[in-house]
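This report describes selected side-chain arrangements in the structure shown below.

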Amino acid sequence: MQTLIVYPAAALAEIAGCFAFWAWLRLDKSPLWVLPGLVSLALFAWLLTFAEAAMAGRAYAAYGGVYIVASLVWLWAVEGVIPDRWDLVGAAACLAGAGIILFGPRGA
């Protein structure tokens with residue numbers, strides 16, 4: 001259950017941190033945007049340590065699906081572009097894959 005809270009929070013932190021660099025380098029914003037970006041990326045890495053997966057690689061792989069969905073929410077909420085049906089189909093497929101990775105039964 002904790003992972004279902006951690007992943008969206010981590011995704012927000014990662015996207016915000018990456019967007020700070022995007023804003024600086026692609027949108028001609030001040031280099032000072034990098035400072036909160038770095039803090040946000042450090043927060044992202046710290047938050048992922050709270051995922052309930054036993055192995056880091058599995059936690060990161062499952063997180064990928066959540067990141068994709070969160071990126072499309074960012075696209076809509078921050079950049080003002082509504083995701084199209086192919087964005088949504090792809091995100092659903094990725095989220096299904098993440099669920100399989102995270103919640104699939106594991107043998108001994």
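## Aromatic pairs

Trp 24 counts as partly exposed because its relative accessibility is 29%; buried means under 20% relative accessible area, exposed over 50%, and partly exposed in between, with a 1.4 Å probe and protein chains only. The model is predicted: local features need pLDDT of at least 70, side-chain atom pairs count only at pLDDT 80 or more, and totals for chains, interfaces and linings use all residues. Residues are numbered from 1 along each chain as its sequence is written, and side-chain values use heavy atoms, leaving out hydrogens and water.

The structure holds 6 aromatic pairs. Rings of Phe, Tyr and Trp (its six-membered ring) pair if their centres lie within 6.5 Å; planes under 30 degrees apart count as stacked, over 60 as edge-to-face and the rest as tilted. Among the pairs is the edge-to-face one of Phe 21 and Trp 24, at 6.3 Å centre to centre and 65° between the planes. These two residues are 3 apart in helix H1 (residues 2-26), so about one helical turn separates Phe 21 from Trp 24; helices are DSSP runs (H or I, at least four residues), numbered from the N terminus.

## A further pair and a cluster

Trp 46 and Phe 50 are also edge-to-face, because their ring centres lie 4.8 Å apart with planes at 85°. Phe 50 is partly exposed, at 33% relative accessibility. One aromatic cluster is formed by Tyr 7, Phe 44, Tyr 63 and Tyr 67.

## Ser 40

Ser 40 belongs to helix H2 (residues 34-48) and counts as buried, at 13% relative accessibility. Leaving aside residues up to four places away in sequence, Ser 40 touches Ala 13, Ala 16 and Gly 17, where contact means heavy atoms within 4.5 Å.
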